[in-house]
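Welcome! Here is a short briefing to read alongside the structure, with the main points grouped by topic.

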Amino acid sequence: MIPELGHFALILALLIALVQGVLPLVGAARNNQAWMAVARPAARAQFLLVAIAFCALAYSFLTHDFSVVNVTRNSHSRLPEIYRFTATWGSHEGSMLLWTLILGLWTVAVTLFSRHLPDDMVARVIGVMGLVSFGFLLFMLATSNPFLRMPMAMDGSDLNPLLQDPGMVVHPPILYMGYVGFSVAFAFAIAALLSGKLDASWARWSRPWTTSAWAFLTIGIMMGSWWAYYELGWGGWWFWDPVENASLMPWLVGTALIHSLAVTEKRGSFKAWTVFLAIGAFSLSLLGTFLVRSGVLSSVHSFATDPTRGLFILMFLAAVIGSSLLLFAMRASKVGLGGRFALVSRESFLMVNNILLLTATASVLLGTLYPLFLDALGLGKISVGPPYFNSVFIPLVTPLIFLAGVGPLTRWKQVNVPELAHRLKWGFGASVVVALLLPFTQEKWLPMVSLGILLALWIAVTVAISVRARLRTTAGWSANFYGMHLAHLGVAVTVIGVTMVSSYQTERNMRMAVGETVTVQGYTFRFDGVVDVTGPNYTGSRGTLEVSQNGKPFTTLHPEKRIYVASGMPFTESAIDYGFTRDLYTALGERLDDGAWSVRLFHKPFVVWIWIGSVLMALGGFMAITDRRYRAARKLKGGEA
Amino acid sequence: MKSRHKKLILIGVVVLALGAVAALVLNAFQSNLVFFFSPTQIANGEAPLERAFRIGGLVEDGSLRREPDGVTAHFRITDTAKTIPVTYKGLLPDLFKEGKGVVAEGRMNGNGVFVAEQVLAKHDENYMPPEAASALEQAQKAQQTLVVPPDSASPQEGK
């Protein structure tokens, strides 16, 4: 009964999404107030229906309704309650439902925080989001119904052990908040193209939405990276796996977009370009969702392939990207390019920033899609590995980060180069000297380490100069200003983490007999054997590694090797001692003879800095959207309405 | 006039930079492509000797042997037609099993042994890596074509 209720709610939501997509857009074109007024209530009703469907699916999982195919495939009677709930979005069907739910959430947010916007703009934005939602609901109902029934099964085949982790509670919803959040920026861009109106106030409206979507995406990617680090047992934090690339591409374009939006708001330049980036960021979000979820890519994120799904996905992508680019080609000239600027100005720096970010996106896209194309055309199987991405990213990111330091200190329109050089020469000199000397404190001097430290220091120094200069003026608190600097500092922190762990990590894979010790970077690990453990839905072996430093006991780590009962799938659960300047990472390999095991030990310097930096970037983004001028605009217009 | 000059310089710089970047990306792409070969193709000498590539197939039953150090493994990868000996130093992924599909990346040494730098982990035990599946399929096709007179079909053309 409950699953049918959910199914029925989805069908109703589909119909309302169609109304929400068509009436307000037509109303805005014909200036029909009544039709435009449909947008808000329709969006809220649609969200409510999708939420009912979501609750119905969650209820089926929580109550072990094994007559629902989705539940049988992804749950088990002994699966703990929290993972039964998260299994709601553990499958392809469920994740599509989560996507639509979050789209509804963003749309409702737009209905609530848009009182200061002109009616036709609101109608168009909500209308476009309604059409996107319609596409997703149609896809779900036509090819991926999460409520499909079957004869009652005895028990389920269990959720993939990798997904039975607290990361599953937060990673997918936050990541989707980011992906789907770009739909708001996209809808604003389409609305601007439709109305032909794109001015500073348009940029001011869409900026907080774009920045918050970007901040969510940053956190989502960071969580995915951290999760892969502790869960996969290989100790890597980024594999240039197509699935990761799928989330990185919208992030890179989104980063370009928030910078381009700043120019559009402050200077009225880059108008058509900003619109193009907004379309690009959302298109890549869609591409990413589908690449990951359609089974084209083989990974933990993908599920059984179904050709009708692939076809629908391709058609949907073609419809969204094709129609918005067509609209862009027809209307971009109306939007205009915007104001002029000098050769050396903040505008031109931000333009280079955009070019570098888009080049990085293009190179990731090439490395991700080219193997798929070759395979689809039957021209052979190839893969593109980390060496490609690393060799491309370092030369692209180096000037990008250098500019991130200089950019905020420059003026709009025209930069006085000698003055700028004078302000920065000491900071730059000091950064270079420290960057060259600091690696000598480590085991060996490496050019890449100096480069990484230089980039991080450069950002830190320029942020300090910029903040000091601001404090000397009478300008008061600006969330936007400090948010930006916090995000840039986050980049510096992440760069340090990446540099240190990729240059100075120590890995030991070895056989360890009971009582045997090994010393890695001053930490002595003693293997004290394994004991049997039994979890709710798994059995396994739990190892004990006593860690000591300079003869003094330091900590005890318990890596595990599990076998999940329902699927018979073996699984490595790593044990990590996190630290500010280093992580100790241990994982069990296999049982050898006489109680000995193969064991993996890592010493990973500064690895947590990667994620701390990402959190700072996201915090900077969230801070920026609290800026007074976004609220002031609301108050002003609210008074008139 | 002056601003037009500046604009031209700007455009020139951007075009040059984009050209340089495109060259960098494509060069890196070209030199880091990893091709895939099935055991049959390797046995026929189609795989490169000087560069890394991927091999896929099934881990032959009973072929896994470990050295006393506990972390060096020797096994054979088969596509049912040909087998290639492989050695790997490191921990094998959770789902590595005899009789199951596997993909490894590495290069051939002089003695016809594939030295793997990486054995790819898969996330689901029922999942067959597409590369391994295609190697088996090709080998099967090749065996079927052997029944046909040799001049009518060459096994290597079966894609």
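This is a predicted model: local features need pLDDT of at least 70, side-chain atom pairs count only at pLDDT 80 or more; totals for chains, interfaces and linings use all residues.

- β9(A) and strand β10 (residues 582-591) of chain A run antiparallel and are joined by three bridges.

**Chain A as a whole**

- Chain A contains 19 helices and 11 strands.
- Its radius of gyration is 26 Å, close to the 26 Å that the globule rule gives for 641 residues, so chain A is as compact as a globular protein of that length.
- The C-alpha trace of chain A spans about 80 × 75 × 50 Å along its principal axes.
- Of the 641 residues in chain A, 51% are buried.
- Taking the contacts in chain A between residues at least 6 apart in sequence, 75% join residues at least 24 apart.

**The nonpolar cores**

- The largest nonpolar core has 168 residues, and Ala185(A) and Ala278(A) touch the most other members.
- Helix α8 (residues 167-195) of chain A gives this core its largest share, 17 residues.
- Leaving aside residues up to four places away in sequence, Ala185(A) touches Ser206(A), Trp209(A), Thr210(A), Ala213(A), Leu257(A), Ala278(A), Ala281(A) and Phe282(A).
- There is also a second, separate core of 30 residues, and among its members are Phe53(B), Ile84(B), Phe114(B) and Leu120(B).

**Where chains A and B meet**

- Here, 38 residues of chain A are in contact with 31 residues of chain B.
- On the side of chain A that touches chain B, the elements giving two or more residues are α13 (346-376), β1 (382-384), α14 (386-406), β2 (506-512), β8 (570-573) and β11 (597-605) of chain A.
- Sorted by class, that side of chain A has 18 nonpolar, 17 polar and three charged residues.
- Strand pairing also links the two chains: β1(A) pairs with strand β1 (residues 33-37) of chain B in the antiparallel sense, over three bridges.
- Within this pairing, Val384(A) has Leu33(B) in β1(B) as its bridge partner.

Conventions:
Residues are numbered from 1 along each chain as its sequence is written. Chains are lettered from A and ligands numbered from 1 in the order in which they are written. A nonpolar core is a set of buried Ala, Val, Leu, Ile, Met, Phe, Trp, Tyr and Cys residues joined through C-beta atoms within 7 Å. A residue is buried if 20 or more other C-beta atoms lie within 10 Å of its own, exposed if 12 or fewer, and partly exposed in between; C-beta atoms are placed from the backbone. Helices (H or I, at least four residues) and strands (E, at least two) are DSSP runs, numbered from the N terminus. Two residues are in contact if their C-beta atoms, placed from the backbone, lie within 7 Å. Ala, Val, Leu, Ile, Met, Phe, Trp, Tyr, Cys and Pro count as nonpolar, Asp, Glu, Lys and Arg as charged, and the others, Gly among them, as polar. Two strands pair if DSSP finds at least two bridges between them. The radius of gyration is taken over C-alpha atoms; the globule rule is 2.2 Å times the number of residues to the power 0.38.
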